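Hi,

Here is the structure I promised to pass on. Have a look at it first, and then read my notes below.

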Amino acid sequence: MTALERLKASDSREQPSDALIESIRAAYPTEREVDAVFTRKMQRRNGPPFQQITLPRLIDGARQLIEANLGYSVTISEAKWLSGGASKLQAVFVLNWRGFEGNASLATKMVLRTEPAASITESSRRREFEVLKAVAGIVPAPESYWIDEDATYLPYPGIVLGFCKGVAKPSLDADKVSGLGQNYGPELRNKLAPQFVHYLAKLHTIDPQRFAMLTSFDVPTPGSNEAVIKQVNYIRRMWEEDRLEDEPIMEVTYKWLIKHAPVIDHVSLIHGDYRNGNFLFDEQSGEITTWLDWEGAVLGDRHRDLTYATMDTFGHLAEDGTTRLASGMMSKTELFSAYEKASGLKVDPVRLTYYNIYNRYLLLGLIMGSSARASYGARTHQDVLTNYLTALGYQNLSELCDSLKEAIQ
Amino acid sequence: MIQTFDTQLEVSLRALQDVVAPALSGAENHVLEQFNLALATLSFLRQRLPYARGYHRLELQHFMDCSAAVRNLIAADQPELATQMKTTESLGSQELVRPEAEIEDYLLVARKLRELINDSVKMANGKPYEAELDAFVCRQQQAFLPAQRAWCAPLGLDTEADKLPSIDDVLSRSGN
């Protein structure tokens with residue numbers, strides 16, 4: 001056996017036993033749907049290796065899914081791969097159909113969004129489907145049409161969404177991977193920044209009656225921290241299942257997050273990945289046309305989105321060379337102040353500290369855990385990207401250490 | 001041996017950059033993105049390959065030192081774990097003097113030590129020495145982060161890469 005083979009053989013997570021899967025489930029309880037998705041992910045690791053999915057195979061599956069839902073034949077044309085995003089396989093196509101009633105003649109541009117065998121963000125298509133329904137008319141987001149929750153028609157679970165117009169990156173700064181540190185420039189920024197805050201406030205103050213549409217989400221109890229602990233366990237479980245090597249700082253952080261989990265005063269719908277690069281806009285008018293990537297949505301504490309959107313990783317310096325623009329929009333102070341005004345909800349410095357550490361822990365779980373595991377196991381359509389993104393890990397770990405030290409003091 | 005790794009990587013990179021890249025103009029965005037990331041990855045490999053042995057020896061030494069210090073803090077309360085740590089540190093010492101040891105041998109022991117240090121932090125939950133241990137582990141790990149960040153710097157994602165030491169400095173200071 002070579003040294004490399006010995007190293008690989010020492011990794012119990014690559015082909016996990018039932019006992020390992022169950023021990024992690026028992027140690028770190030999470031929301032019901034998260035548990036189901038993560039368990040499926042682990043079981044899938046013992047299955048056949050990932051094979052590149054061809055566009056015709058994907059489109060044929062989409063056609064079957066749509067026909068099963070509509071009850072009549074449709075045709076699909078102009079199919080092609082869609083770039084962008086680090087986690088899901090996406091294709092755009094034109095659906096030639098007769099509408100839901102079967103009496104129209106329509107050609108509708110749509111997007112098929114499906115999972116690879118593993119991804120940087122292992123998530124539920126069911127939850128993504130539900131949250132898009134729940135935010136319809138409140139925050140611009142893709143229309144969700146059909147779901148193949150159990151991969152009956154597609155190679156892996158997927159959803160069919162409406163196609164949304166707009167660009168994710170301005171033409172002047174279009175080479176950023178996944179929109180990290182995206183600079184929109186002063187002119188666009190002035191138009192985008194107020195909308196960035198406006199939609200965050202709208203999302204966080206959504207009518208709680210809409211939560212009834214979120215049947216696969218656990219609804220937190222105000223005044224309790226039980227849901228927060230489950231969300232910390234979501235990251236911990238990801239880390240336990242995916243990491244290639246341990247990192248003691250992650251253990252210190254986990255203990256701190258559990259011990260200091262704050263109660264939720266107001267239950268908000270949390271996007272979970274609210275930042276620059278995750279919305280489309282019209283470059284001419286500067287209007288935000290769509291918010292993307294809802295797969296990390298949860299019901300929880302607004303400070304989670306607030307701290308995520310203001311992480312240094314997603315910001316850049318303004319033209320003055322000193323002001324750090326959160327998500328390329330405005331300074332943190334300005335953003336929090338504008339948010340309080342728009343939402344009527346207070347921004348609590350103690351919970352900002354907590355969720356700042358929470359989000360750094362989350363990013364590290366995704367980058368150094370899931371992303372590394374997905375590329376190591378050759379399980380995605382873009383392993384080269386998921387592997388590349390692991391290089392973000394150590395700087396984030398350094399920032400986590402700084403935040404943790406401040407919090408402990 | 002004519003076929004050095006550096007030559008193999010150099011010729012591949014030149015072919016991709018000088019011949020393949022120009023032919024890809026007009027290709028779909030996701031094709032161009034993956035092509036450029038593959039180039040960046042190969043280029044990283046070429047830059048770091050000459051340092052790989054030294055770096056992995058340095059990393060192993062770091063975890064051996066960290067483990068020894070942690071062991072002193074926990075030995076009275078967690079004797080079994082402390083014994084495992086000591087045994088693994090010894091294994092690390094043996095690998096560092098074994099001429100034929102490969103970088104995966106260093107990684108294997110370093111990963112075991114990472115787990116054991118992690119276990120010590122986990123098992124310290126609620127114990128009187130917990131705060132001291134947690135703070136110590138954070139300090140130790142943070143002290144090693146500049147080396148880890150310097151290693152990854154050629155991939156171009158560290159926004160403070162200009163403030164990091166060069167990999168030559170990292171390794172020469174440690175004697176690796």
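One definition before the notes: the expected span of a helix is 1.5 Å times one less than its number of residues. Keep in mind that this is a predicted model.

Now try that rule on helix α6(A), residues 185-204. Its 20 residues should span 28 Å, and the end C-alpha atoms are 27 Å apart, so the two agree. Still, α6(A) bends by about 30° at Lys191(A), and a proline, Pro194(A), follows within four residues.

Next, the sheet. Five strands of chain A make an open sheet in the order β1-β2-β3-β5-β4, with antiparallel pairing. At the edges sit β1 (75-81) and β4 (144-148), each pairing on one side only. From one strand to the next, the twist averages 25°. Inside the sheet, β3(A) (106-114) and β5(A) (158-162) pair over five bridges, and Val111(A) has Leu161(A) in β5(A) as its bridge partner. Helix α4(A) (55-70) lies across β1, β2, β3, β4 and β5, running at about 140° to β1(A).

There's also a hairpin: β7(A) and β8(A) have six residues between them, and Gly286(A) in the turn has a positive phi of about 75°. The two strands pair in the antiparallel sense over three bridges, with Phe281(A) opposite Ile288(A).

Last, a helix pair. α3(A) (32-44) and α7(A) (226-242) pack at an angle of about 5°, with axes 11 Å apart. Angles under 35 degrees count as roughly parallel, so α3(A) is roughly parallel to α7(A). Residues making the contact include Phe38(A) of α3(A) and Met238(A) of α7(A). The contact residues divide into five nonpolar, one polar and five charged.

Cheers

Technical notes. Residues numbered from 1 in each chain as written. Chains lettered and ligands numbered in written order. Predicted model: local features only at pLDDT ≥ 70, side-chain atom pairs only at ≥ 80, totals over all residues. Heavy atoms only, no water. Pairing = 2+ DSSP bridges. Axes fitted to C-alpha atoms, helices over the stretch in contact; angles between N-to-C directions. Parallel < 35°, antiparallel > 145°, perpendicular 65-115°, else oblique. Contact = heavy atoms within 4.5 Å. Nonpolar A, V, L, I, M, F, W, Y, C, P; charged D, E, K, R; others polar. Bend = angle between axes of the 7 residues up to and from the residue.
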